[in-house]
Amino acid sequence: MPIVRPRLTDFHNILLPQAQTDFAIPFLDEDIPLYLDPFLLWRSPSQQDQALHTSLINSFNHLGYLAKQGREQDAINLLIALSECDEVGLGLSRTRQGIRIGAQTAEKVLTLFHDVPQYYKAGFVHFEEIQFFVEHISKDRISDFACSFLKSFLIDYTIQQCQTIGIPMSMVHLQVYSYRENKLKSENVHLPVNPDNDKPIIFVPKRWLRFTPWINFDEYFAESCPKDAKPESTPDERVNVLTFNRQNYDSVLEFVARKERTAGDCTNDPLFAQIPVSSAKTCLEAIRSLPLSSGPGDRNDREYERQMARLLASVFYPQLDLAAAQDRTDSGVLIRDLIFYNNRSHPFLDELITKYDCRQIVMEMKNVRQIDGGNISQLNRYLTDQLGRFGVLLTRRPLPARMFRNTIDLWSAHRRCIIALTDEDLDLIVNLFESKQRDPIDVLQKKYVEFARACPG
Amino acid sequence: MSSSPVLAPAEERFVKSEADVQDFERLEQQLHSMLTEMSELSKKRANDGLNKFKLKLVNVLLEGINKFLGDQRPFKEFETFDENDLPTNSDVVVMLSQYAAAIFQHRVENTEYLDYKWWWPLPGKQGAVATKDPNDFKYRGK
């Protein structure tokens, strides 16, 4: 069984926590749910980022120049080709594959250079504005355009990062936008590849990523769009607003000027944000007050699993990155697990790799009155060579002496380690999360040490 | 005025030189101030884990005192805290209180009252080092 939600670094056995890398670590079989926001380059204090934004805007405005020169078809072809950048793997795709825009949409983008006098004269300053005028252009498309225009820089950045942390690269063939010639050129470069399909992978710095662009249509529509542009709520509401904006550029200009004034508030979004201490305490209270399961399908089980996922993903960060909260079925029983990447970022985690080949930590959630032999067997069966031989049972009460003995026997016979985290341990975890005196992951280590002391020899 | 209790036999005494006396009295004062600080912490957050820096200092202190107490330490099974056990503030206070009592008892058993003064008698012909009434060194908290 392969590891769950593999990342490029995991595949190459480079155990790095996301918090320690400058780039968003790509998943091998799905996209990272963030987008490159060109505004972050514009507002960056770094001269390099500002220069890249300038080149990005110049390249985009060159499309208008082509259109004015009567080379509209060239501009349309270029715009279509640049409308998808699968190599970066940003967005919501489950397959790391996107779909390019159609000729009609590309044409509509180009007409902006004719229809809006300001763009005709001076071009764009923030090309994100196209989402205010053209249907089917949203945050993912803006991100893709930006990545395509900046691909040459991103390739260099990726090579540099790969050399630093030791990710192997292969020769690949790519279409790269040439800033000097303003066209796509074929290039052979060294890049990391997806081991599943040999497609190249490009990294994006975390400092450029946001969940939604700073200049976005939804905020404009909700807060700044004049009332007469949206007379009534209809299915064509968005189209009405887009048409209105073409004739009334001032309202867009005003919105963008306001966003520029508040640029100081624009920061990148982290890939994962911990819940605050108060929320962790609320989670703990909710868990502690939950009744024990009355049988399969009990809704309290779902609530327990939901709260545990929320709490543990936060308290164990940054030492452990949550890979997934997954469902699986074993002997007809639905099981909910939390899977964490083992990044070797703590001496204890390093020991788990060395002794148990534990590349991912499986935590099985059980809101039951008492753990029985069946529960331990279920987890034991799941501890494969790929995941490693270390697992955690998240349960409400301490293991009965007989079951604890059972886990010791498992260790004696197969060198497999199963420990239990109970409500009492959660108390201590949340205490440490609040006081910051020790890392909450030390509680996991404490339980492991207690287990190891009980093992024979 | 206090009276001198029966002294521990010379071979069982760990205070054997003037330097030992200075070490003992330093560790005794450090124990008292550590216990005071930890008690304050424990009043605020009894079940909080002690951070590694403080725990290291507590262990260094206990190691020093253990050298003087030998088998007279409060619990034979306990020497220092294991950081993997995640000791809480209240755990540390409980143990330091035991040590405060043991170190007081050690002073009582190893000092004598002579010529209206308290002394640490030293083995051989080294003489003795002046000190004060052991009751002045009893930990009383804040």
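A residue is termed buried when its relative accessible area is under 20%, exposed when it is over 50%, and partly exposed in between (1.4 Å probe, protein chains only). By this criterion Asp10(A) is buried, its relative accessible area being 3%. The structure is a predicted model, in which local features need pLDDT of at least 70 and side-chain atom pairs count only at pLDDT 80 or more, while totals for chains, interfaces and linings use all residues. Residues are numbered from 1 along each chain as its sequence is written, chains are lettered from A and ligands numbered from 1 in the order in which they are written, and side-chain values use heavy atoms, with hydrogens and water left out.

Asp10(A) is located in helix H1 (residues 8-11) of chain A; helices (H or I, at least four residues) and strands (E, at least two) are DSSP runs numbered from the N terminus. A polar contact of 3.0 Å joins the side chain of Asp10(A) to that of Arg7(A). Such a contact is a pair of N or O atoms within 3.5 Å; within protein, one atom must be able to donate a hydrogen and the other to accept it, and residues adjacent in sequence count only if both atoms are side-chain atoms. When residues up to four places away in sequence are not counted, Asp10(A) touches Ile3(A), Tyr341(A) and Arg359(A), contact being defined as heavy atoms within 4.5 Å.

Over all chains, 37 salt bridges are counted, each being a side-chain nitrogen of Lys or Arg within 4 Å of a carboxyl oxygen of Asp or Glu. One of them pairs the side chains of Arg5(A) and Glu30(A), with an N to O distance of 3.4 Å. This pair links distant parts of the chain, 25 residues apart: Arg5(A) belongs to the segment before H1 of chain A, and Glu30(A) to the loop between H1 and strand S1 (35-36) of chain A. Arg5(A) is partly exposed at 25% relative accessibility, whereas Glu30(A) is buried at 12%.

A salt bridge is also found between Arg336(A) and Glu305(A), whose closest N and O atoms are 3.6 Å apart. Here too distant parts of the chain are linked, Arg336(A) lying in strand S6 (residues 333-342) and Glu305(A) in helix H13 (residues 299-315) of chain A, 31 residues apart. Both Arg336(A) and Glu305(A) are buried. In the salt bridge of Lys366(A) with Glu364(A), the closest N and O atoms are 3.5 Å apart. Lys366(A) is buried, with a relative accessible area of 8%, and Glu364(A) is buried with a value of 0%. Salt bridges with shared partners join Lys281(A), Glu434(A), Arg45(B) and Asp48(B) into one network.

At the interface, 13 residues of chain A are in contact with 14 residues of chain B. The size of an interface is often given as the accessible area lost when the parts come together. Chains A and B bury about 1200 Å² between them, 43% of it on carbon and sulfur atoms; this area is the accessible area (1.4 Å probe) that the two parts lose on being put together, summed over both. There are 3 salt bridges between chain A and chain B. Among them is that of Arg45(B) with Glu434(A), where the closest N and O atoms are 3.2 Å apart. On the side of chain A that touches chain B, the elements giving two or more residues are helix H17 (423-435) and helix H18 (441-454) of chain A. H18(A) gives the most, with 6 residues. By class, this side of chain A has 4 nonpolar, 4 polar and 5 charged residues, where Ala, Val, Leu, Ile, Met, Phe, Trp, Tyr, Cys and Pro count as nonpolar, Asp, Glu, Lys and Arg as charged, and the others, Gly among them, as polar.

Chain B has 3 helices and 3 strands, in the order α-α-α-β-β-β from the N terminus. The C-alpha trace of chain B spans about 50 × 30 × 20 Å along its principal axes. Of the 142 residues in chain B, 44% are buried. Leu62(B), in helix H2 (residues 52-69) of chain B, is buried with a relative accessible area of 0%. Apart from neighbours within four places in sequence, Leu62(B) contacts Phe78(B), Glu79(B), Thr80(B), Phe81(B), Leu96(B) and Tyr99(B).
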